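Please keep the sequence and the model at hand while reading.

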Amino acid sequence: MELSLATRTVGEHTVLEVGGEVDVYTAPRLRERLLELIDAGARHVVVDLGRVDFLDSTGLGVLVGALKRLRTADGTFALVCDKEPLLKIFRITALDQVFPLHPSVEAATGTGK
Amino acid sequence: MATVRLSFSPAPVHVRTARLVGVAVARRAGVREDLLDEVRLAIGEACTRAVALHRQYGLTDPVLVEMSDSGAYAVRVVDRAPIEAGIGLAALDADQLANESLNEDDLTTGVGFALLAGFVEDLQVRPVDDGVGTEVRMVWPVDR
């Protein structure tokens with residue numbers, strides 16, 4: 001499935017909903033969109049991976065790049081992911097210790113229970 | 001003897017095709033359904049690595065993927081990059097991953113290797129027998 005990207009605002013957070021496959025071919029589009037958001041002033045970014053059905057090392061590299069960029073700009077970066085196959089990827093790469101991972105957008109933005 | 005061979009020019013757009021073919025052959029070979037996501041990811045990582053090496057060295061040679069289902073399901077992904085570039089992969093720990101000075105390409109390479117090593121129990125990265133290059137060899141059990 002092709003990559004899909006949609007942005008919405010939840011309070012002070014910019015939520016980027018990602019769907020489809022994030023791989024060596026599509027990851028540059030994700031990188032570009034994240035840079036656009038950060039350049040436009042977004043400082044609290046949440047990437048919702050709920051509709052992602054494939055994520056590889058290139059996609060993970062792009063996410064780490066955004067995390068570092070926001071960190072140096074005094075911003076925050078978090079991921080929403082509740083799919084076990086994707087969570088396993090974060091565990092195996094030790095990136096579960098690098099990213100704040102939340103089960104829902106509400107949890108990531110502090111707007112839920 | 002390989003049952004399916006796929007060779008593709010080293011462009012990112014073809015990696016998805018290699019994943020799809022790899023999983024289709026795995027399913028037909030009898031790899032357990034719950035392992036297919038891992039097969040898909042591992043073949044993708046091995047092909048991504050090969051494409052990155054060919055682009056890094058300006059090589060237009062095709063990347064070769066060879067799938068064989070004699071006994072177990074074995075996949076070889078062969079690149080033609082100089083050997084010293086192909087070996088020497090290392091997994092990164094959380095501190096290294098978060099380090100500001102680590103560039104995205106090196107991070108992706110380290111993460112890609114961590115995924116290969118984490119998802120493929122039977123994994124070998126070694127020089128090819130003929131000419132220049134390395135092969136990533138991955139084997140999964142099959143139910144027959």
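The numbered points below go from the basis of the model to the two chains and then to their contact.

1. Basis of the model. This is a predicted model, in which local features need pLDDT of at least 70, side-chain atom pairs count only at pLDDT 80 or more, and totals for chains, interfaces and linings use all residues. Residues are numbered from 1 along each chain as its sequence is written, while chains are lettered from A and ligands numbered from 1 in the order in which they are written.

2. Overall form of chain A. Chain A holds four helices and five strands, where helices (H or I, at least four residues) and strands (E, at least two) are DSSP runs numbered from the N terminus. Along the sequence these elements follow the pattern β-β-α-β-α-β-α-β-α. The radius of gyration of chain A is 13 Å, close to the 13 Å that the globule rule gives for 113 residues, so chain A is as compact as a globular protein of that length. The radius is taken over C-alpha atoms, and the rule is 2.2 Å times the number of residues to the power 0.38. Along the principal axes, the C-alpha atoms of chain A fill a box of roughly 30 × 30 × 25 Å.

3. Burial and contacts in chain A. Of the 113 residues in chain A, 42% are buried. A residue is called buried if 20 or more other C-beta atoms lie within 10 Å of its own, exposed if 12 or fewer, and partly exposed in between, with C-beta atoms placed from the backbone. Among contacts in chain A with a separation of 6 or more, 68% join residues 24 or more positions apart; a contact requires C-beta atoms, placed from the backbone, to lie within 7 Å.

4. The sheet of chain A. Five strands of chain A form an open sheet with mixed pairing, in the order β1-β2-β3-β4-β5; two strands pair if DSSP finds at least two bridges between them. At the edges are β1 (4–10) and β5 (101–102) of chain A, each of which pairs on one side only. Strands β3 (residues 44–55) and β4 (residues 76–80) of chain A are parallel and share five bridges, and A:V46 stands opposite A:A78 in β4(A).

5. A:E21 belongs to strand β2 (residues 13–22) of chain A. Is A:E21 buried or exposed? A:E21 counts as buried because it has 21 C-beta neighbours inside 10 Å.

6. Helix α2 of chain A. This helix has 16 residues and reaches 23 Å from its first C-alpha to its last, close to the expected 22 Å, the expected span being 1.5 Å times one less than the number of residues. Of its 16 residues, 12 are buried, including A:L60, A:L63, A:L67 and A:K68. Just after α2(A), A:D74 has a positive phi of about 60 degrees.

7. Overall form of chain B. Chain B has five helices and five strands, arranged from the N terminus as β-α-α-β-β-α-α-α-β-β. Its C-alpha trace spans about 50 × 35 × 25 Å along the principal axes. Buried residues account for 40% of the 144 residues of chain B.

8. Strand β2 of chain B. Strand β2 (residues 63–68) of chain B has a covered face of B:V63, B:V65 and B:M67 and an uncovered face of B:L64, B:E66 and B:S68. Strand β1 (residues 4–8) of chain B runs antiparallel to β2(B), with five bridges between them; here B:V4 stands opposite B:M67. With strand β3 (residues 73–78) of chain B, β2(B) also pairs in the antiparallel sense over five bridges, and B:E66 has B:R76 as its bridge partner.

9. Contact between the chains. How many residues of chain A are in contact with chain B? There are 20 residues of chain A in contact with 23 residues of chain B. On the chain A side, α2(A) gives the most, with seven residues.

Note on methods
Two residues are in contact if their C-beta atoms, placed from the backbone, lie within 7 Å.
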